[in-house]
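Q: I'm new to this one. Could you take me through the salt bridges and show me what they join up?

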Amino acid sequence: VACLLSMIETIREEKLELPHTTHFFISNYEEVGHGSSASIPAGVVEFMAVDMAAPGEGQTSHEHKVTICAKDSSGPYDYVVKGQLVKLAKAAALDYVIDIYPFYGSDASAALRAGWAFKHSLIGPGVDASHSFERTHTEGLVATTRLGLEYMISPMVD
């Protein structure tokens with residue numbers, strides 16, 4: 001939520017002109033599996049979820065970096081959008097990693113299960129100790145916010 005609010009604040013303060021209509025949606029139902037399965041405005045063609053990226057054994061997520069998710073328990077995220085996010089992260093010199101979450105689902109995957117048809121992606125800072133004393137670092141939050149902004153000001157992926 002802090003990353004989303006920072007994105008909104010930056011858009012307003014810097015008077016950024018976004019090349020396409022952008023909606024922000026904050027759900028407190030992602031944890032129970034239905035997240036963004038409803039209330040998505042008609043006409044959405046790309047959907048980026050922003051959520052924590054849990055570091056752990058076998059994971060590449062890192063508390064000081066933004067994670068670009070390639071796949072979760074529902075299957076792969078959009079390959080073209082993932083490639084665009086990597087390209088944007090490199091161009092902005094952001095510290096990033098790519099990871100998969102075989103036991104996790106995001107708001108984006110919940111929306112797809114509900115029948116929405118759009119390109120979907122997931123980014124987020126590495127966060128230790130989910131659902132308890134969560135911990136992350138400013139660098140991960142900043143990198144996530146910056147990648148989200150870079151994505152919003154870039155043209156849509158074909």
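A: Let's start with a term: buried means under 20% relative accessible area, exposed means over 50%, and partly exposed is in between (1.4 Å probe, protein chains only). By that scale Asp128, at 30% relative accessibility, counts as partly exposed.

Some background before going on. This is a predicted model, where local features need pLDDT of at least 70 and side-chain atom pairs count only at pLDDT 80 or more, while totals for chains, interfaces and linings use all residues. Residues are numbered from 1 along each chain as its sequence is written, and side-chain values use heavy atoms, with hydrogens and water left out.

Now for the bridges. A salt bridge here is a side-chain nitrogen of Lys or Arg within 4 Å of a carboxyl oxygen of Asp or Glu. Searching the whole structure turns up 2 of them.

One pairs Arg135 with Glu63, and their closest N and O atoms are 3.1 Å apart. Arg135 sits in the loop between β5 (119–125) and α4, and Glu63 in the loop between β1 (46–50) and β2, so this pair ties together parts that are 72 residues apart in sequence. Those helices (H or I, at least four residues) and strands (E, at least two) are DSSP runs, numbered from the N terminus. Glu63 is buried, at 12% relative accessibility, whereas Arg135 is partly exposed, with a relative accessible area of 43%.

In the other bridge, the side chain of Arg135 meets that of Asp128, at 3.7 Å from N to O.
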